[in-house]
Amino acid sequence: MNIIYIPERSAWNDLLKRPTKDAKDLNNLVAGVLADVRAHGDEAVLRYEAQFDHVELSSLRVDDAEFAEAETLVPAELKEALQLAHDNIYKFHAAQRFQGEPCEVVQGVTCWQKSVAIEKVGLYIPGGTAPLFSTVLMLAVPAKIAGCKEIVLCTPPQRDGKVHPAVLVAARLSGVTNVFKAGGVQAIGAMAYGTESVPKVYKIFGPGNQFVMCAKQQVSLHDAAIDMPAGPSEVMVLADASANASFVAADLLSQAEHGVDSQALLLTTSADLACRVAEELERQLPLLPRNEIAREALKHSKLIVLRDEAEMMDMANAYAPEHLIIETADYMDLAARVVNAGSVFLGNLTPESAGDYASGTNHTLPTNGYATAYNGVNLDSYMRKVTFQHITSEGVKKIGPAVELMAAGENLDAHRMAMKLRREAVEAGKV
């Protein structure tokens, strides 16, 4: 990787550009698949499974026998790791429960909120180059805590027509048994519209490739809400001379191995550290089984040397990274200055992989700069807050005149009369 020394601010926008793909034909292709699924249901999904996932299926639903078989195929050590991760994710998300308190805004007017679970949610778990059983925990655990009545999980099958056993073990551990063998655009369409097998849901969660992301955005216009817009995964590391170069390099590579379109950036105030990190990258890269993927990702990744910590924080907030790792001596001071980031990892001993798996925070996060406006998945993602209000006769006296004046000012006379009739009844002692 090339090291960029003290770039001028006028060059920052170019330096921070994400890798992009030509998506000229993407929308039309995705729209066509979605329309087919909407019109032909299971038949279309099965057909696209054969075309895209190269597997002939007789049915979409994962049955009890496959769940039972999966339990025998996952090593005990991995089950224990999944249980530990599940418990930490549960604790962190359970602590996010909302407790609404009634607020008497003026005498006789009381307002409050109640948090209500989204009844039907869909979880998309990618397959592709890696089975993301950790994402099952990240999406299913808060859905169960929230109290969603119906949780539908779609994931691509393997070439043998079965779902990766660790995905099924994670699903059962999370209390989800409504699992379907469907990937890509066809899975998003199945959950958005409903098919003979796959129930329609109200909101769809989960990461995916550019086709999945495009499908989620298209169905969100009319048919189902989505968790957030997203793009390829990314990490930004902030480091000073106190950082461990081997740790930093490992953090960059752990992101780069996600996919060829991932991006890993280092911002540092130490030119010496940047050189040592570059050397460590060359040493560690060949040791990775996914080194070819990581090598491609590193082609659009950067090591950037900046003047001081103020510039590091300005650049970090401008980039709005999905993952932000702060490996500096004063990491808590810099943490207080974070404005735009999906999830933040503090100190030399806190790698991104901790949050990806078992620290308890959620790894489903905004990418592609969306951290300027979106947060990652949390308990509120599965909830809606319904507002309530109650007005007594004293409240009518307090706010009635203002309501009438404002309604009249907007030329909405029925609005005015709805309050006027009540106010007059109160003043006449009829209610």
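**Notebook: aromatic pairs, a parallel sheet and the cysteines**

I looked up F205 and Y382 and found both buried (buried means under 20% relative accessible area, exposed over 50% and partly exposed in between, with a 1.4 Å probe and protein chains only). The model is predicted: local features need pLDDT of at least 70, side-chain atom pairs count only at pLDDT 80 or more, and totals for chains, interfaces and linings use all residues. Residues are numbered from 1 along each chain as its sequence is written, and side-chain values use heavy atoms, with hydrogens and water left out.

**Entry 1. The chain as a whole**

I noted 16 helices and 14 strands in the protein chain (DSSP runs numbered from the N terminus: helices are H or I of at least four residues, strands E of at least two). The C-alpha trace spans about 85 × 60 × 45 Å along its principal axes. Of the 431 residues, 47% are buried. Among contacts with a separation of 6 or more, 75% are between residues 24 or more positions apart (contact means heavy atoms within 4.5 Å).

**Entry 2. Aromatic rings**

I counted four aromatic pairs in the structure (rings of Phe, Tyr and Trp, the last by its six-membered ring, pair if their centres lie within 6.5 Å; planes under 30 degrees apart count as stacked, over 60 as edge-to-face and the rest as tilted). One of them is Y48 with F52, a stacked pair at 5.6 Å centre to centre and 5 degrees between the planes. The two residues are about one helical turn apart because they lie four residues apart in helix α2 (residues 26-52). Y48 is buried at 9% relative accessible area, whereas F52 is partly exposed at 38%.

F205 and Y382 form another stacked pair, with 4.1 Å between centres and 10 degrees between planes. F205 belongs to strand β7 (residues 203-205) and Y382 to the loop between α14 (352-357) and β14 (383-391), so this pair ties together parts 177 residues apart in sequence.

I then checked for charges over rings. The charged end of R18 sits over the ring of Y319, 3.7 Å from its centre (NZ of Lys or CZ of Arg must be within 6 Å of the ring centre and within 35 degrees of the ring normal). R47 likewise has its charged end over the ring of Y48, 5.4 Å from the centre.

Strand β4 (residues 120-124) runs parallel to β5 (residues 150-155), and five bridges join them. V121 stands opposite I151 of β5.

**Entry 3. Cysteines**

I found zero disulfides (a disulfide is a pair of cysteine sulfur atoms within 2.5 Å). The sulfur of C154 has its closest cysteine sulfur in C148, 16 Å away and too far for a bond; C154 is buried at 0% relative accessible area. For C214 the closest cysteine sulfur is in C154, at 18 Å, again too far for a bond. C214 is buried as well, at 6%.

Conventions:
Two strands pair if DSSP finds at least two bridges between them.
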